[in-house]
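Please look over the sequence and the structure below.

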Amino acid sequence: MRIQGILAGVAAAACVLTACTTESPAPTASAPDPLDYVALGDSAASGPRIPDQVGAPGCQQSDSNYPHVLAEELAVASFVDVTCSGAITENIVSTPQGTSSGEVPVQLDALSADTDLVTITIGGNDIGLVSTAVSCLTFTASSATNNCKDGLTAGGVDTVAAAIAEKSPNWGAMLDAVAERAPDARVLVVGYGTYLPDGGCFPTQPMLPEDADYIQGSITAMNEALKTQADEHGAEFVDTEPLSVGHDVCVAADQRYFEGVIPQNPAAPLHPTAAGMAAIGDAVAEAVRAG
């Protein structure tokens, strides 16, 4: 016993001389609290014709759209999806939207001070993107009988570019309204994808090369304007063009993230497929986690 006491005293003295300390285990990081998530936007977010259709019938909302994919991946605490096919910016901030099944409330009403995460896809209907693309369809393989791009840029005025310039301040004002209604929320503006490859693929999709390039170029210009507004108004922009390269309307049906004029997947023409929605949802989830 005396020897043990001597050894203990020596150890204690050595500890004093060397300033040794007893370290506590490093604290383990706690998991983040689940998010209260609200999805806003148009048909590029709602997923018309993708099974299963849920929500207000006139909004053509799918339970496989990217907001639903995102909500599942993040295991959110609560999820409200008010995306609606045909929505314009005014339907988010000020004007109830009329649909085939009746009027739906202003999308902003879904937000509150408790909202933690907001995704928004909007702008395509503001500039008439789908109707413009449809106007470029042709079954004649001669630009001499098709003046889509020429007509839209006649007199040196690009009508789609002009529409983007006119509408983009509204997108910034919308983001301010979202921030006012949900002041603590992280807001992600999700852009539109690569619908068409360089030169298109006439006649698989009935649009001449110059018109296909014009339409996709207009989508890129809209995305750039959306990103600028997001940067200037405290939001983040998720670019979906790169992830959809090689998954456009021209590739095999099982590789498409966007459907063509005559859909080969359960999706609306010129809209995302279920695979496209899954890829977009994955990209947004990655952006949220990285933030």
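Which residue does a disulfide join to C136? The partner is C148, with an S to S distance of 1.7 Å; a disulfide here is a pair of cysteine sulfur atoms within 2.5 Å. C136 lies in the loop between α5 (129–135) and α6 (148–152) and C148 in helix α6, so the link ties together parts 12 residues apart in sequence. The model is predicted: local features need pLDDT of at least 70, side-chain atom pairs count only at pLDDT 80 or more, and totals for chains, interfaces and linings use all residues. Residues are numbered from 1 along each chain as its sequence is written, and side-chain values use heavy atoms, without hydrogens and water.

A search of the whole structure finds three disulfides. In another of them, C201 and C250 have their sulfur atoms 2.0 Å apart. C201 sits in the loop between β8 and α8, and C250 in the loop between α9 (241–244) and α10 (274–290), so parts 49 residues apart in sequence are tied together. Both C201 and C250 are buried (buried: under 20% relative accessible area; exposed: over 50%; partly exposed in between; 1.4 Å probe, protein chains only).

Helices (H or I, at least four residues) and strands (E, at least two) are DSSP runs, numbered from the N terminus. L188 is the bridge partner of T119, and E236 that of L188.

How values were computed
Pairing = 2+ DSSP bridges.
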